[in-house]
Structures are given as C-alpha cells and as structure tokens.
Amino acid sequence: MEALQQILKTQGTNVTIIDLEFKSIESLEELLPQLANFSNLKEVNSKHQMQLNLHGNRLAYLPDDLSLLDTVEVLDISNNIFSDLGQVVDALSTMPNLIHLEITLQSKEEEQYILECLTNLQILNSQKVNGDQEGGDETLEQQSEQQSERSMSAVQDITLQQYDLEQMAILYDNIREYKKEDQEDKQFDQQIRTIMLDLQSKLKQNNPDHLTNLNILTAKFNLYEICFKSIMKYFKANDKKLDVIITKIHDMHFQIFNDMSNVISNVKPQSKNTSQIIENKKQVNQPQQGDKTVENRLRLELSELQQQNAELEKENKRYLDLLIKHSKGDRSSIPNSEHVIKQQNDSYQSQNYSKNHQSSSIQQNNTIFQSKQSQNLNSVPQQVNIRHLTLKQLKDVINEIYESKQKFDQKCADSKLPRETMEQHMYTFLNQKYGLKSLIIEWATSIINALKKYSAEDNDVAVFGKILRNECDEEFRFVQTQVKNTMQELLKMYLRGKFPLKHQAEIKEMLNQRINGQLYEEEAVDIIKYMYNQEDSELLLNKLKSYYIVPQKNPDRRLTREEQLSLLQEKDKYKLEYSVFQKIILDFQLKSHEKYLKKFILTFKQMDTDANGIIDENEFRNLIDILNFGAGDLDIQKYLNIIDPYSHQQITFSQCVTLFSSESVPGSNGQLQILQKISEQ
C-alpha cells in the first residue's frame, strides 16, 4: 500500500494516526502486518484522540482476527460496503482496546446489536453509549460534523461517495472543454454545494431505508442534471434542431424519474429484521438439546448416500462400456440377457476401467470418423432413440462441452489430477448432464451422427471432430475465434477509412449488415491481403472467385431515383456472403494448421499404440527421440515437470502440442518453436 509506505518513509512507525480514507481498499488481509508495525495508534491525551481511518473504501468484510491491532482505540470504517454486519462485529470483537467506533448503520436495531456485542465501546458514531452527545469535546464535535457531511450511504449499496462526485466533475469538465467556456466554475460549485447540503439535511432525518435510498438517488440525478442542462444550453444557442431532440429526451427522462420517485415514496417501509439476526445469533450460541441424535442420524444418512453413490458409479461404468459398443454398431456386443451384462460388469472392475474406457472410447470415434463406409442406423439397438440434431443444436452442445471441459481441466489442475482428452470428457459431460444410461447412449450417438453430417458444412464442427480424433489440439479453437474477431475488426477499419464522415453508430450498423449478409469484393480483398502474404492471398482470392454473386442489373420493378443511383454505383461490384467468406478463411487456417502438425501427429500415433490420445512417460521420451529436435535429458525432465508434474503417466495429445508450441530450441536462424522445427525437418 503506497500510503502506508509513504508514512513509514516520512514519519516512521511512531505515529498516532493513519489516514487511509478513500484509498479504494478492498481487503485488509495484506495490510494487517504493516498496520501492526505502527505501535502508537492509540489515544495520546484527553484532548486529541487519534484514529485508524478507513472511511470511504470498498471493504466488504473484515479479517476474522484483528488482534494484531491491539493498540488501536479509535477506528473509522464508515461508508464501506459491508454485506454481513455479524461478520464485521465478530471481527471487531477481537480488537482488545477498541473504545471508539465509526460505522455506517441502517437502523437502531443494528446499533443495539453492536452495543450488545462490543461491550468495551465507549463511543459509537460520535455518541456516548448512554446516548448523550459529548458536548465538551471540541474535536469530537468536529468529527460528528464530518461524519454527517460524508454519511452518504444507504442500504443495498446505494451510495453517493467521493468517486461519484469525481466522475461527475470529469464529465462536466469535458462538456466545458467542448463548449470552450471557463465562466461557469463558480456556478457549478454553488450548485453542487446546494445539492449536497440538501442531501445532508435529509439524511439527518430518521427516514425509512427506501426514502433514504430515494434521497441519495435524487441527489445523484440532480448532480448529472447540472451536466445535462449545461450541454442543453449550448445546443440551444448553436444547434436548434439538436436542441429540440435533446430537450425532448431530457423531459422524458425527467418525467420517468419523477414518476418512479412518486412510486417509491408511496411504498410502505419494510425494515430489515435485525432483531431476528440477533435472536438467531443467541440461539446459535445456546447449547442445543438432541445435537448428538441429529448428528448420528446425519452420519447414518451420509453413509447410506455414499453406498448408493458407489453402486451408481459401478453401474455407470458398466453402461458406459455398452454406450461405446452401441455407438460402434457392433451387434455382437449388444446384451441380450442379464448374463451378458454380468459378464461385462465382471470384466470392467474399477481398478482397470479408466484405461479400457479411454482406449475403447477413442477407438469408437476413430472408427466413426475415419471409416469410409457409411454405417447403417439400424445397427443401433432399437431401444436407442436417435436424435436428428440441427446445426445450431449441435453447435450449442459443442459449446457446452467446451465450457465444461475448461472448468473440468481447472478442477483437475487444482486437485493435481491428470487431464482428460476431449473424447473422454464428452462422455463425462453426458454422464454428468443426463445420468440415465439410455439418454447418454442417445445423445452420444446423435452427436456422432451430426458431426459426420455437418463437418463439411461448418468449420467449428470440423474443428471439434478433429479434436476428438486427436488430429488437432484443443487450443486451436481459440485461434479460430481470434481469426473471426480479426476479420471483423479489419472490416470495421476498412469501413471507417472509406466513410470517414459517418458516425460511429452508422459504421456499426454497416458492419452488422455485412456480417449478417454480404460484403463487397473490394472489402474481402482488403481483409485477405492484410492478413496473409502474397502467396496465400492469391490462393485465397482464387477460391473466392467461384463464390462471388453477380449483381442483378434488370430488376423486376420500377426503381426510385435513389435506388437507380445506388444500383448505378454498384453495378460493377461483386458481392460475397460473409458466412461463405468466413468459412473459406477458417478452412484455410485449419488446413494450414493440419499441415503444420502433420509430422507430429504421425509420430504421436506411432507412440499411442492403444489409440486413446494418451501416452505415458516412456512413450513421451520415445516420441522426443523420434522427433529428434535436439533435446537432452535435462530438457526432457523439464518438459515432464511441466506436462506431468505429479507423474500420473497420462499425457494427452493436446498437452504435447501446447508444450511444443511454447518451448523453443536452437535453430539455423536463432531460437525456434519445437513444432516449427519439427515441421521444417
């Protein structure tokens, strides 16, 4: 914290006050050790009471143990965003010498709650605990005035703080700079002072919470009304047409705010039942009868649930094996009796299930995607209902799997467990989402059939299919997303350059029309030449030629003059569907990436003898030996520490691609990425 460092640098630790007001502090966890170094945060005489001032920050909670602040007697934590008063009070109770507390409260009940819990307090919010105002202490009266002036907070995070005033002032300065006038400063300051004094007087009243909120919102509205009226005054003198529009918008917003204010004013107050919180806390602290009976009952229920869960896991494992065989269309593997199911259950014990499931699961997808012979849907058991997914439904499912995989990978990393392949996680996802064996089989078969159907039509589907078959790494989907964003940004830049006088909103509308419809040939050419070198650009531009749409020169109806002029200007311009243009670019990226990974994929498949997309440490070492990019034993050990730090002996295809994309080795012209060196060999 820079403020603390500055105090330590200039004054040392022997200070009697630390002022951290409006420092945007969100947590005291890291500051506690530094605050504990200041040993004199306490009352030094009867006239001047020093304090630790944390007013106006963004503290949502306090550390559970504040005993390090054992010398602090005066603490100001008002105008923060505490959400749990009970937690705050519990934390304050660990401060042994706290006698003076400033804190923003919402009701008398909360004040009573604090006084009951913090019995050592002598002053709460500038009042003695007996309720009498301390009249003889001039400094305390000044603190009371300051507390009233800055007490701008209400319930439910509706506040008016220094940050709000600063933002409004910045906006007003921007308007004044636009108007090139410097004569309104005094009037501006007077208007703010009037609004704040009015709010201060209203907050001193004992109003219900909803009226306090309304007063704060009204003050905010009036502050920005100053800016609104200033810009309206300028337009009234310089642009009559725009003045009419702005005035109408202003009047409508003003009327809506007034109507809403009237509605809030008529609402009956519903005070928070803090007494219930206090009562609940007392009940928690009281010994409960029958606790042992309840505990025993819960333990028994937990044991039963664990037993049921173990049985369900075994059953899921058995049916996942059936799922794989069903989706392959292997009639001989379809169980016709309970005897067959029992045999399968016996052959898939939990000790060796994981490896078998991985292997058979990957082989299933390889069979489906690599086989040149179309499979007959009749090979699927009759009890499986095949869903015919639309392209949109399939892409929604793919996005769900991607999202689930990302979260699951993070959980595995946190738990120090090995990652799953995308193929493995697809079945994990279906099992978690549906649970029922029939639904898992149904959805797995439907996804596989839809992938075969739409891979040639949609690039996102094609990428997902290749990831399942370990022909593309999982991270490549982020590359494709970045390519899409880059295309849109380049198109936006082109439109800005071509139409420099158009407003930002018009440019955005034109961009949306292009993305959802067609773009001109010159726009497509500009994007491609910006993104690719000359050789790749020529290749892509030749592909585009067969997709251009020739403009219609003889419309069926009679055109207006404006339409005739527009048609005349565009008669020689060819258009292209943006979706087609995007697919051509993405397909080119995918093919280039496949070419880049070709040698690595072939070598990896040689090591991956069980075709499950996973290799162990020995296979990984053999992989590096065959690739021969000059890695020594120390390098290999470093790679293993990165890719398999806990020696699970499960290294996925995507992990290898990510590793070899990030690590570099010496090349003929300096350092090269490992994958780049492999592709150039």
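The structure is a predicted model, in which local features need pLDDT of at least 70 and side-chain atom pairs count only at pLDDT 80 or more, whereas totals for chains, interfaces and linings use all residues. Residues are numbered from 1 along each chain as its sequence is written, and side-chain values use heavy atoms, with hydrogens and water left out.

The protein chain contains 27 helices and 12 strands, where helices (H or I, at least four residues) and strands (E, at least two) are DSSP runs numbered from the N terminus. Of its 681 residues, 40% count as buried; buried means under 20% relative accessible area, exposed over 50%, and partly exposed in between, with a 1.4 Å probe and protein chains only. Contact is defined as heavy atoms within 4.5 Å. Among contacts between residues at least 6 apart in sequence, 68% join residues at least 24 apart.

A nonpolar core is a set of buried Ala, Val, Leu, Ile, Met, Phe, Trp, Tyr and Cys residues joined through side-chain atoms within 4.5 Å. The largest such core comprises 31 residues, and those with the most contacts inside it are Leu54, Leu62, Leu75, Ile77, Leu92, Leu101 and Ile114. At least two residues of this core are supplied by each of helix H2 (32-36), helix H3 (85-92) and helix H4 (108-117), and the largest share, 5 residues, comes from H3. Leaving aside residues up to four places away in sequence, Leu101 touches Leu75, Ile77, Leu92, Ile114, Leu118, Leu121, Ile123, Leu124 and Asn125. A second, separate core of 28 residues includes Leu389, Phe429, Trp443 and Ile448. In soluble globular proteins, nonpolar side chains tend to be buried together.

Two helix pairs were examined. Axes are lines fitted to C-alpha atoms, for helices over the stretch in contact, and angles run from 0 to 180 degrees between N-to-C directions. Helix H23 (residues 578-607) packs against helix H26 (residues 653-662) at an angle of about 135°, with the axes 12 Å apart. H23 is therefore oblique to H26; angles under 35 degrees count as roughly parallel, over 145 as roughly antiparallel, 65 to 115 as roughly perpendicular and the rest as oblique. Leu597, Phe600, Ile601 and Phe604 of H23 meet Phe653, Cys656, Val657 and Phe660 of H26. This contact of H23 with H26 consists of 8 nonpolar, no polar and no charged residues, with Ala, Val, Leu, Ile, Met, Phe, Trp, Tyr, Cys and Pro counted as nonpolar, Asp, Glu, Lys and Arg as charged, and the others, Gly among them, as polar.

In the second pair, the axes of helix H24 (residues 617-627) and helix H25 (residues 633-643) come within 11 Å and cross at roughly 130°. H24 and H25 are accordingly oblique to each other. From H24, Glu617, Phe620, Arg621 and Ile624 meet Ile636, Gln637, Tyr639, Leu640 and Ile643 of H25. The contact of H24 with H25 holds 6 nonpolar, 1 polar and 2 charged residues.

Two individual residues complete the description. His425 lies in helix H15 (residues 422-434) and is buried, with a relative accessible area of 0%. Apart from residues up to four places away in sequence, His425 touches Ile401, Ser404, Lys405, Phe408 and Glu420. Gln34 lies in helix H2 and is buried, with a relative accessible area of 19%. Gln34 and Leu68, 34 residues apart in sequence, are 9.9 Å apart in space, C-alpha to C-alpha.
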